[in-house]
Amino acid sequence: MLLVHCPYCEEERPELEFAGAGEAHIARPANMADISDEEFEKFFFIRENQKGIVFERWRHIHGCGRFFNAVRNSVSDKFIKTYKAGEKKPKLTKAEIASVLPPAKGTPANEPIHTAPTTTGKGDAK
Amino acid sequence: MSTSTPNAGSNRIAGHGRLSPAKTVTFTFDDKVMTALEGDTLASALLANGIHLVGRSFKYHRPRGILSAGPEEPNALIDISRDSARRQPNVRATVQQVFDGMRAKSQNRYPSLSFDVGAANDVLGRFFPAGFYYKTFMWPKQAWDKLYEPIIRRAAGLGNAPEEADPDHYANRFAHCDVLIIGGGAAGLMAARTAAKSGKRVILVDENPDFGGALLSDNTVRLDGKSADEWTTETIAEIEHLDNVTLLRRTTAFGYYSHNMVSLVEQVTEHMAQPDPDLPRERMWQVRAKQVILATGAIERHLVFADNDRPGIMLASAGQAYLNNYGVTPGHNIGIYTACDSAWATAFDLKKAGIAIAALVDCRAEIDPALLAEAEALGLRVMKNHAITSTAGRLRINSMTVEPVNGEGKTDIPIDCLLMSGGWTPSVHLFSQSRGRVAFDEANGRFLPDVYTEDCISVGACNGTNEMVEALAEAAAAAEEAIKSAGGKPKKVKPPRVEHASSMNGFLIGAAKGAGPDDFVKAFIDFQNDVTAKDIRLAVTEGFHSIEHVKRYTTTGMATDQGKMSNMHGLAIAAQTLGKEIPEVGLTTFRAPYTPVTFGALVAHSKGDLFDVTRRTPMHDWSEAQGAVYEDVGNWKRAWYFPQAGEDMHAAVSRECKTTREAAGIFDASTLGKIEVVGPDAVKFMNLMYTNPWDKLGVGRCRYGIMCREDGFIYDDGVVGRLSEDRFHVTTTTGGAPRVLNMMEDYLQTEFPEWKVWLTSISEQWAVIGVQGPKAREIIEPLVEGIDLSNEALTHMSVAEGKICGVPTRLFRMSFTGETGFEINVPADYGQAVWEAIWERGEPLGMTPYGTEAMHVMRAEKGYIIVGQDTDGTVTPHDAAVDWAIGKKKTDFVGIRGLKRPDLVAEGRRQLVGLKTKQAEIVLEEGAQIVDDPNHPVPVPMVGFVTSSYWSESLGHSIAMGVIDGGHGRMGDTVYIPMENEVIAAEICNPVFYDPEGGRVNG
């Protein structure tokens, strides 16, 4: 169970007090009614959902009730930081990214070993 | 020879062990009365009484004895009871302490332990290879249900589950600490002693009743010149009284989770003869530690050779523990078979205690000269570079056959006990659970912690540090480091001077001589699931090349002991058969729990009435007194219907509907979700959240609102009243209240934080009393002050604030029945009083209380939808024919863009319609599929399904709603609902069945 630092309460609290709220930094278009199908698809359906560093939203639902953002490594489950809603997407330093890396070496598979995808995502994935 | 203590078993060795001979307890094993010493485990007590045979194996029903002296035990699983309700199967005899009056029974045998008919499986063993079930019960197909499955089910499982409810209670506790130390052996104690000095919060846990770990059975080591027992006692005494230290005995750390959360289970009363009923049986701890020190030690492996499972064959470390800790010898003429130095110490201890050692067989060619010298001095018969290739004895071993490792020539040696050691497997279970990665130590045949993910560190034997001097230094250093990392100032504690420590060098993993690929013998790897070396080879030969597949196909390591002794052997044999190195084959995953945990401990108080929250409305007592039948709606208890004498549900609901439509009904609507939206930007916010336009809604007026998600599908609905320019009283569905508030907060906090709006959940502040029907006004009018209830002043869909029965009210004129109606909101604490006052007025006028079922019928008669019943997350306002609630001129609301998506504006969408059965008395089943042509060959195209269906007493026929492809354009069409025994024809119609002109609400 994770420990989550609420940037409003300025407290580290157990995950039980929080609810996840999906990917962060997806702004609702100001001209919502007029966007194209492609723009709507990107806004509503498409998510990074990547393995590794994720920017995500949480709500301290059984606490102060505030929504906030977090940067977490989805493999090691370690947080780099949490910050208030509306704050800019932080630029991560190399040291910060390194601090939440999962163990990279070690031989046997006591968890499934995933190999990196071979496609680059530019046209050849279809 | 030994002198015995007759009171507590003939195999007690006077002067040995840590138990007091003065304290005896009585227990039964298979109904035979026996005596033990206080502090005995069931295993040591049975051995003291000369009993090795304690069970039958799972598959072959082979006689099995006690194999170990610890939590890794795969064989000695016993049914333990204190009374008829307190009975537990599959308890490990090696960890269960004996208490006075305990009843123990062997398992998996019929009719008796020494004669078991299931043992025929052993003779037929060649017909039960790995994957036997998969290969055998394939055909004929029909035989599966009636023949194979019942037989397999009867044969499956060890022990019998208790039949009575568990009368004990269990506790749950959360704890935080700076350093959690798991394992109270030499390394764990040293770490605790060091960490404790710093003043930081320290928790030390050990699964045994006493701290000390392997020290408890070590008679030779000296620490600062003291015996292991003295040093342990002193160390505990030094730290136990400290306020910053918590010591937990009989406590197993069974799970290691993210961010250093470790779950512990503490056995509180399991060893007590008459536990205080106020004590929990077990206590679950969820500990959040800044730093964790893993000092979990190592587990000895057996050796894999022919017939290595006879009763009387044990681990060497177990023999040593029974002698030195419990004062019990497992035999009187003992053979030793080892690949590891540690078994030599066992042989020496036994010999010194006066027990005959028939031979010390070591499969290694090179032996430490010091060990050889001591063996010679004690007069032991040493057979190095030899192997045991078979054993004999049906219910107890009586001889072993020894052969040279590289040669011929068999020697049969009579024995009554065989102690074996294949070396030690570091306990990396918790480390691996913490997602640390292990690396293979080729030189010592073991996996060791390599890369850490969590804030933890392994010390001592679990880290591969076998020399006690090094383990103690490592533990002290780790504790200092942990204190520093936890923000404390470490204080140095000098580790004790170590003398005469025994060695753990030497190992053998995989099959020993005589159990190779060409030997047709049963050499067991996994005792609990009866997996042999041959089974592993067969699985690999048959194409199972991943160790995870080998595990599942042979079931090795899948029993309740999770292969603590067997995994390395299975892995080594699989690797050998595959022709690969062990690291290439890899380990199977370590999962929580480390040892079995009772459901009681996991559930704790969350059972029965405390399983979940029960929400009751302020008027609950009244409806209960009226004999209401309740239905669960989320956590709410809602009155479902109010049966009168002799009425079934159908009769009660029909009467409630009819009475409400003809006179009046009173309904408890308190569970409705209610949110107050307040602030200068409230109307702007309402415009965003709901499809409707709100600018022109006057103060004192109400409107039915529809809320969508961004994708355009209906999310919730409800009536909204405007109390003032800047204040809206929003109602939501009963189940939707939390998610609606969450969605509102989300938009307000993250998209429009600059808007001045405040949201408050007021669901539980207001009790809501619905009074509906032609006499509704007449009933409530005399009770209301300050509000003109006349049809002209308070028109349909209005709200006014005033008083009722002297209590403040927000009084809504609205209707979910199609009749003239009011929903009277009063502060929750006055709910029942106001309800009773209204009832007193209404009852003489013919009013009835009605429940949720009648509410459903009446709203369906009017074609009012229920979100979640008539919609399912793929229904738009257009589909549900409530698109009139969309503000056509609005430039934005949640869902505005989603509604324009090509699929949502396409022709032929599934749309909500009414359904009228051709035979008026047939009531359709909700959820039933709808087709156009019931005679169409299978598969029949499905055009929709029934969402709501009831008998309408007021109309004299059944009514239904459903969603049908292109339904709005198919009015008057006939569709069919095929059921099990009939096909029902129905006509598509307008869903407003009752009072389609809608005049009655304005009465």
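Begin with chain B as a whole: of its contacts between residues at least 6 apart in sequence, 67% join residues at least 24 apart. Keep in mind throughout that the model is predicted.

**Chain B, overall**

Switch to a cartoon, and the secondary structure comes to 24 helices and 51 strands.

**Domains of chain B**

Next, colour chain B by its domain assignment. Domain 1 takes residues 6-127 and domain 4 takes 907-1003. The other two are each written as two segments: domain 2 is 172-298 + 426-499, and domain 3 is 301-423 + 504-585. Show domain 3 and domain 4 of chain B together; their C-alpha centres lie 73 Å apart.

**A helix pair: α8 and α9 of chain B**

Select residues 342-352 of chain B for helix α8 and residues 369-378 of chain B for helix α9. Two packed helices are described by the angle between their axes and the distance between the axes. Here the axes come within 11 Å and cross at roughly 20°. An angle under 35 degrees counts as roughly parallel, so α8(B) is roughly parallel to α9(B). The crossing of α8(B) and α9(B) is left-handed.

Now show side chains at the contact. From α8(B), pick W344(B), F348(B) and K351(B); from α9(B), pick L371(B), E374(B), A375(B) and L378(B). Sorted by class, this contact of α8(B) with α9(B) has 5 nonpolar residues, 2 charged residues and no polar ones.

**Backbone details in chain B**

The following stops concern backbone geometry. Most residues other than glycine have a negative phi, and most peptide bonds are trans.

- Select A592(B) and P593(B): a cis peptide bond joins them, with omega about 0°. P593(B) sits in the loop between α15 (582-585) and α16 (599-603) of chain B.
- Move on to V938(B) and P939(B), where the peptide bond is also cis, with omega near 0°. The loop that holds P939(B) runs between β47 (929-931) and β48 (942-952) of chain B.
- Select N90(B), which is not a glycine but has a positive phi of about 60°. N90(B) belongs to strand β6, residues 87-92 of chain B. Is N90(B) buried or exposed? N90(B) counts as buried because it has 20 C-beta neighbours inside 10 Å, and the cut-off for a buried residue is 20 or more.
- Select A604(B), another residue other than glycine with a positive phi; its value is near 50°. A604(B) is in the loop between α16 and α17 (620-625) of chain B. With 17 C-beta neighbours inside 10 Å, A604(B) counts as partly exposed.

**Where chain A meets chain B**

Finally, bring chain A into view and select the residues in contact across the two chains. How many residues of chain A are in contact with chain B? There are 27 of them, and they are in contact with 34 residues of chain B. On the side of chain A that touches chain B, the largest share comes from helix α1 (residues 37-44) of chain A, which gives 3 residues. Colour that side of chain A by residue class to see 15 nonpolar, 6 polar and 6 charged residues.

Technical notes. Residues are numbered from 1 along each chain as its sequence is written. Chains are lettered from A and ligands numbered from 1 in the order in which they are written. This is a predicted model: local features need pLDDT of at least 70, side-chain atom pairs count only at pLDDT 80 or more; totals for chains, interfaces and linings use all residues. Domain bounds come from an automatic or database domain assignment. Axes are lines fitted to C-alpha atoms, for helices over the stretch in contact, and angles run from 0 to 180 degrees between N-to-C directions. Helices (H or I, at least four residues) and strands (E, at least two) are DSSP runs, numbered from the N terminus. Angles under 35 degrees count as roughly parallel, over 145 as roughly antiparallel, 65 to 115 as roughly perpendicular and the rest as oblique. A crossing is left-handed if the near helix is turned anticlockwise from the far one by less than a right angle, and right-handed if clockwise. Two residues are in contact if their C-beta atoms, placed from the backbone, lie within 7 Å. Ala, Val, Leu, Ile, Met, Phe, Trp, Tyr, Cys and Pro count as nonpolar, Asp, Glu, Lys and Arg as charged, and the others, Gly among them, as polar. A residue is buried if 20 or more other C-beta atoms lie within 10 Å of its own, exposed if 12 or fewer, and partly exposed in between; C-beta atoms are placed from the backbone.
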